[in-house]
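Subject: Structure for your review

Hello,

Here is the structure I said I would pass on. My notes on it follow below.

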Amino acid sequence: MTKTDRGFIVFPDGRMDEITEDDQTYTWTVPGLYDELAFAGYARTSDTDVRTYDGCIDLRTDGETVTVFTTGPAPREHVLAAEVAEVFLRWYRDNAETETP
C-alpha cells in the first residue's frame with residue numbers, strides 16, 4: 001500500500017487548510033501550531049502578490065516525512081530533517097493521520 005501525500009497550509013491565525021488531491025479544502029483549528037512550526041524553523045512563504053498566503057507555512061506529508069514549499073529562488077521544496085519534521089508529524093499523528101476535520 002502506498003501512502004498518499006496530504007497538503008496543508010498553516011496560517012498565523014490558528015487555522016490550517018488541508019487541500020486534497022481533488023482540490024477539496026478542509027479547515028482545521030490548530031491554536032499554537034503555527035508558532036511551534038515557526039519556532040522550529042519551518043520556512044514561511046513570502047508572496048506579496050497573493051497576500052492571502054504571505055507568511056503562511058505550506059507543507060505536505062506522507063506521515064513519515066515533511067516537505068515545506070517556499071517562494072523565491074529555487075529550490076522551492078525542502079524535505080525537513082527528521083527532528084524538525086517531528087514537530088508537525090506529532091500533531092499529524094495525534095489529529096489527522098486517519099481523519100479529516
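A salt bridge here is a side-chain nitrogen of Lys or Arg within 4 Å of a carboxyl oxygen of Asp or Glu. The model is predicted, and by that rule it has five salt bridges.

Asp 5 and Arg 60 form one of them, with N to O at 3.1 Å. This pair links distant parts of the chain, 55 residues apart: Asp 5 is in the segment before β1 and Arg 60 in strand β4. Asp 5 is partly exposed at 37% relative accessible area, and Arg 60 is partly exposed at 27%. Shared partners join Asp 5, Arg 60 and Glu 77 into one network.

Arg 6 pairs with Glu 18, the closest N and O atoms being 2.6 Å apart. Since Arg 6 lies in β1 and Glu 18 in β2, the bridge ties together parts 12 residues apart in sequence. Arg 6 counts as buried at 13%, and so does Glu 18 at 3%.

Thr 61 is buried, with 1% relative accessibility. Its side chain reaches the backbone nitrogen of Gly 63 at 3.0 Å and the backbone oxygen of Thr 65 at 2.6 Å. Among the residues Thr 61 touches are Asp 5, Arg 6, Phe 88, Leu 89 and Tyr 92.

Phe 88, Leu 89 and Tyr 92 are among the buried residues of helix α2. The buried residues of α2 pack against β1, β2, β3, α1, β4 and β5. The helix bends by about 40° at Phe 88.

Regards

Technical notes:
Residues numbered from 1 in each chain as written. Predicted model: local features only at pLDDT ≥ 70, side-chain atom pairs only at ≥ 80, totals over all residues. Heavy atoms only, no water. Buried < 20%, exposed > 50% of the residue type's maximum accessible area, 1.4 Å probe, protein only. Polar contact = N/O pair within 3.5 Å; in protein donor to acceptor, adjacent residues only side chain to side chain. Contact = heavy atoms within 4.5 Å. Bend = angle between axes of the 7 residues up to and from the residue. Helix = DSSP H or I, 4+ residues; strand = E, 2+ residues; numbered from the N terminus. Lists of a residue's contacts leave out its neighbours within four places in sequence.
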